[in-house]
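Please look over the sequence and the model first; the notes follow, grouped by topic.

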Amino acid sequence: MGEGNLSFRRLSSIRHRKKRTAAKDEAESSLISSSPPPTPITPAAVAAKAAKKKAGGARLWMRFDRTGAMEVVECDKSTIIKRASVPPRDLRILGPVFSHSSNILAREKAIVVNLEVIKLIVTAEEVLLLDPLRPEVLPFVERLKQQFPQNTDASGNVVQSSSLLDQEAGEGLQSELPFEFQVLEIALEVVCSLLDTSVDSLETEAWPVLDELTKNVSTENLEYVRSLKSNLTRLLARVQKVRDEIEHLLDDNEDMADLYLTRKWIQQNEQSEAELGETASNRLSRATSNRSSSMVTSNTKDDDVEDLEMLLEAYFMQLEGMRNRILTVREYIDDTEDYVNIQLDNQRNEMIQLQLTLTIASFAITANTLLVSLFGMNIHCPLYEMDDVFGYFLSSVTAVCVVLFMLTLGYARWKKLLGS
């Protein structure tokens, strides 16, 4: 009977557990079914997120073409990459990470320029300038306006840049520099003028401070010289970076030839027109004309490289002159520091000589004090019984002290421990 009751109890407990688990499963299924469905992803939400990302990455650019037309717009990286046909890594050069570097990079359809505050992308038709409203960039914008005034026809409409390029293609290579070289020249001119102004201000500040330091060596003057040296080091690094970039271009003719974007644009148009208008009847004449044109372009290519080389050499010499001026100021600072150190060493030697003289005098006085202290003890001596001996004894002890001082001082001079 006991075993039957135990089995009945076990069966009843198992049934109760099964009922509880079934009730829990039903409650969880009801909660899942009653929960609201997730919000669907609509195209409007995707567009809003994309707009936020673009707005976060958009920067202020100025577009300036060869006709003089100008507009200031906010563009993101993707728009600039598509418009200028440059790789995305080139935009990093124009970013804040490489703000203190100087680069002139030639690409297939553009030139990426990063010179001091001038950050731009030059194509055969237009210029894309970054941050055109900065005070340091405004002189470059004004020079662009002066160099390329806005061209209009009789009706007042702006002449398109393609017509100008077609005119260049018809006339061949012009005597003046192409559009991209003129923009590069303006950028180098503005940067060199900015650096020249900095060098002038450095020289104006340096000479009085250094002259004052030679007259009066003080903490204030030394602090001025320290700040001057730090400014000189930064300015020398800026000039050196621009100079090295121009020197790198001058050392490689292929890089200079790649900078000629107008020739590339004209050759591409000629090839496209030749492919469209080519027929079977004039293939031979076309081939001969292409050979002659290729020979002409190969000959003119060297001339254009020479023109660019002359342009870069002019600014290279100007930067070399600035570098020499800065090095002259640094040499004058070094000479002033050497003079100040010599002056301080001389003062230090004089102090050492004075200290040695005082030490010799104290040695002689100490010897005199020793004799006096010996006679001041309560020791019986026949001199105590002599009359009027005090004056003679004092004068003789003083004479011994003076003689000892002179002998020691003469020995120091003989050993050249003291100056003459």
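A salt bridge here is a side-chain nitrogen of Lys or Arg within 4 Å of a carboxyl oxygen of Asp or Glu. By that criterion, a search of the whole structure finds 19 salt bridges. The model is predicted. The points below cover salt bridges, strand pairing, surface patches and backbone angles.

**Salt bridges**

- Side chains of opposite charge can pair when their charged atoms come close.
- Arginine 63 pairs with glutamate 71 in a salt bridge, and their closest N and O atoms are 2.9 Å apart.
- Arginine 63 is buried, at a relative accessible area of 17%.
- Glutamate 223 and arginine 226 form another salt bridge, with 2.6 Å between the closest N and O atoms.
- Both of these residues, glutamate 223 and arginine 226, sit in helix α8 (residues 219–250). They are three residues apart, about one turn of the helix.
- Glutamate 223 is partly exposed, with a relative accessible area of 40%.
- Glutamate 337 and lysine 229 meet through their side chains in a salt bridge of 3.2 Å, N to O.
- Glutamate 337 belongs to helix α11 and lysine 229 to helix α8, so this pair ties together parts that are 108 residues apart in sequence.
- Glutamate 337 is partly exposed, with a relative accessible area of 26%. Lysine 229 is also partly exposed, at 32%.
- One network, built from salt bridges that share partners, joins Arg63, Asp65, Glu71, Arg83 and Glu126.

**Strand pairing around β1**

- Strand β1 (residues 59–65) runs antiparallel to strand β2 (residues 70–75), and six bridges join the two.
- In this pairing, arginine 59 stands opposite cysteine 75 of β2. Leucine 60 stands opposite glutamate 74, also of β2.
- β1 and β2 make a hairpin with four residues between them. Glycine 68, in the turn, has a positive phi of about 95 degrees.
- β1 also pairs with strand β6 (residues 126–130). That pairing is antiparallel and has five bridges.
- Tryptophan 61 stands opposite leucine 130 in β6.
- In a regular strand the side chains alternate between the two faces of the sheet.
- How much of β1 is buried? Five of its seven residues are, so β1 is largely enclosed by the rest of the structure.

**Surface patches**

- Glu331, Asp334, Asp335 and Asp338 gather on the surface as a patch of negative charge.
- Aspartate 334, one of these residues, is placed in helix α11 (residues 283–375).
- Aspartate 334 is partly exposed, with a relative accessible area of 31%. That value passes the patch cut-off of over 30%.
- A nonpolar surface patch of about 510 Å² is made by Leu370, Leu371, Leu374, Phe375, Met377 and Val400.
- Helix α11 gives the largest share of the nonpolar patch, four residues.
- Leucine 374 lies in α11. It is partly exposed, with a relative accessible area of 44%.

- Most residues other than glycine have a negative phi, and most peptide bonds are trans.
- Serine 85 has a positive phi, near 55 degrees.
- The place of serine 85 is the loop between α3 (77–84) and α4 (88–93).
- Is serine 85 buried or partly exposed? Serine 85 counts as partly exposed, at 37% relative accessibility.
- Glutamate 116 also has a positive phi, near 55 degrees.
- The loop between β4 (111–115) and β5 (118–122) holds glutamate 116.
- Glutamate 116 counts as buried, because its relative accessibility is 14% and the cut-off for buried is under 20%.

Conventions
Residues numbered from 1 in each chain as written. Predicted model: local features only at pLDDT ≥ 70, side-chain atom pairs only at ≥ 80, totals over all residues. Heavy atoms only, no water. Patch = residues over 30% accessible without salt bridge, like charges linked within 9 Å, V, L, I, M, F, W, Y side chains within 5 Å. Areas by Shrake-Rupley, 256 points an atom, 1.4 Å probe, with all protein chains shown as cover. Lys, Arg positive; Asp, Glu negative; His and termini not counted. Charge placed at Lys NZ, Arg CZ, Asp CG, Glu CD. Buried < 20%, exposed > 50% of the residue type's maximum accessible area, 1.4 Å probe, protein only. Pairing = 2+ DSSP bridges.
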